[in-house]
Amino acid sequence: MINLARDHNRRGLVSLRHRLPADPDDRSAEDHATESESRRAVIAALRALPRRQRDCVVLRYYLELSIADIADTLGLSPNSVKTHLQRGLRALKTDLEVQG
């Protein structure tokens with residue numbers, strides 16, 4: 001019985017020793033910094049939007065709510081949500097192109 005337990009433990013250690021290494025992060029420090037700068041730029045551009053546009057964009061693209069769910073959440077009509085999304089995305093595009 002003791003030998004069976006030892007064999008079981010030994011097999012566990014062997015499998016740990018021969019496990020493939022985790023996928024390395026091949027991105028450079030520069031890639032990380034660029035990604036971080038991009039995130040900051042998007043957040044700054046979102047903050048610059050009027051409140052309704054910002055709310056609609058965040059609910060749609062960050063929380064992945066449907067147009068109907070956004071309309072219910074904000075107490076707006078679906079067409080109003082679509083208008084706020086369209087204007088918000090246009091403003092974000094313009095703002096981010098100027099920064100980039």
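Select Arg52 to begin: this residue sits in helix α3. Helices here are DSSP runs of H or I with at least four residues, strands are runs of E with at least two, and both are numbered from the N terminus. Arg52 counts as partly exposed because its relative accessibility is 29%. The cut-offs are under 20% relative accessible area for buried and over 50% for exposed, with partly exposed in between (1.4 Å probe, protein chains only).

Before moving on, note that this is a predicted model, where local features need pLDDT of at least 70, side-chain atom pairs count only at pLDDT 80 or more, and totals for chains, interfaces and linings use all residues. Residues are numbered from 1 along each chain as its sequence is written, and side-chain values use heavy atoms, with hydrogens and water left out.

**Around Arg52**

Keep Arg52 selected and show its surroundings. Leaving out residues up to four places away in sequence, Arg52 touches Leu74, Leu76 and His84. Contact means heavy atoms within 4.5 Å.

Select His84, in helix α5. Is His84 buried or exposed? At 17% relative accessibility, His84 counts as buried. Beyond residues up to four places away in sequence, it touches Arg52, Gln53, Cys56 and Leu76.

Go to Gln53, back in helix α3. Gln53 has 12% relative accessibility and therefore counts as buried. Which residues does Gln53 touch, not counting those up to four places away in sequence? They are His84, Arg87 and Gly88.

**Two helices crossing: α3 and α5**

Color α3, residues 51–61, and α5, residues 78–99. Two packed helices are described by the angle between their axes and the distance between the axes. The axes of α3 and α5 come within 8 Å and cross at roughly 95°. Axes are lines fitted to C-alpha atoms, for helices over the stretch in contact, and angles run from 0 to 180 degrees between N-to-C directions. The two helices are therefore roughly perpendicular. Angles of 65 to 115 degrees count as roughly perpendicular, under 35 as roughly parallel, over 145 as roughly antiparallel, and the rest as oblique.

Show the side chains in this contact. From α3 come Arg52, Gln53, Cys56, Val57, Arg60 and Tyr61. From α5 come Val81, His84, Leu85, Arg87, Gly88, Leu89 and Leu92. By class there are 7 nonpolar, 3 polar and 3 charged residues. Ala, Val, Leu, Ile, Met, Phe, Trp, Tyr, Cys and Pro count as nonpolar, Asp, Glu, Lys and Arg as charged, and the others, Gly among them, as polar.

**Another crossing: α4 and α5**

Ile67, Ile70 and Ala71 of α4 meet Pro78, Val81, Lys82 and Leu85 of α5. This contact has 6 nonpolar, no polar and 1 charged residues.

**Into the core**

Select Cys56, Val57, Ile70, Val81, Leu85 and Leu92. Of the 13 residues in the largest nonpolar core, these touch the most other members. A nonpolar core is a set of buried Ala, Val, Leu, Ile, Met, Phe, Trp, Tyr and Cys residues joined through side-chain atoms within 4.5 Å. Helices α2 (29–48), α3, α4 and α5 each supply at least two of its residues. Which helix gives the largest share? It is α4, with 4 residues.

Center on Ile70. Setting aside neighbours within four places in sequence, Ile70 is in contact with Cys56, Leu59, Arg60, Leu65 and Val81.

**A charged pair**

Move to Asp55 and Arg51. Their side chains form a salt bridge, 3.6 Å from N to O. The term means a side-chain nitrogen of Lys or Arg within 4 Å of a carboxyl oxygen of Asp or Glu. A search of the whole structure finds 1 salt bridge. Asp55 and Arg51 are about one helical turn apart, because 4 residues separate them in helix α3. Asp55 is partly exposed, at 21% relative accessibility.

**Last stop: Glu64**

Select Glu64, in the loop between α3 and α4. Most residues other than glycine have a negative phi. Glu64 is not a glycine, yet its phi is positive, about 55°. At 67% relative accessibility, Glu64 counts as exposed.

**Zoom out**

Show the whole chain. How many helices and strands are there? There are 5 helices and 0 strands. Buried residues make up 17% of the 100 residues.
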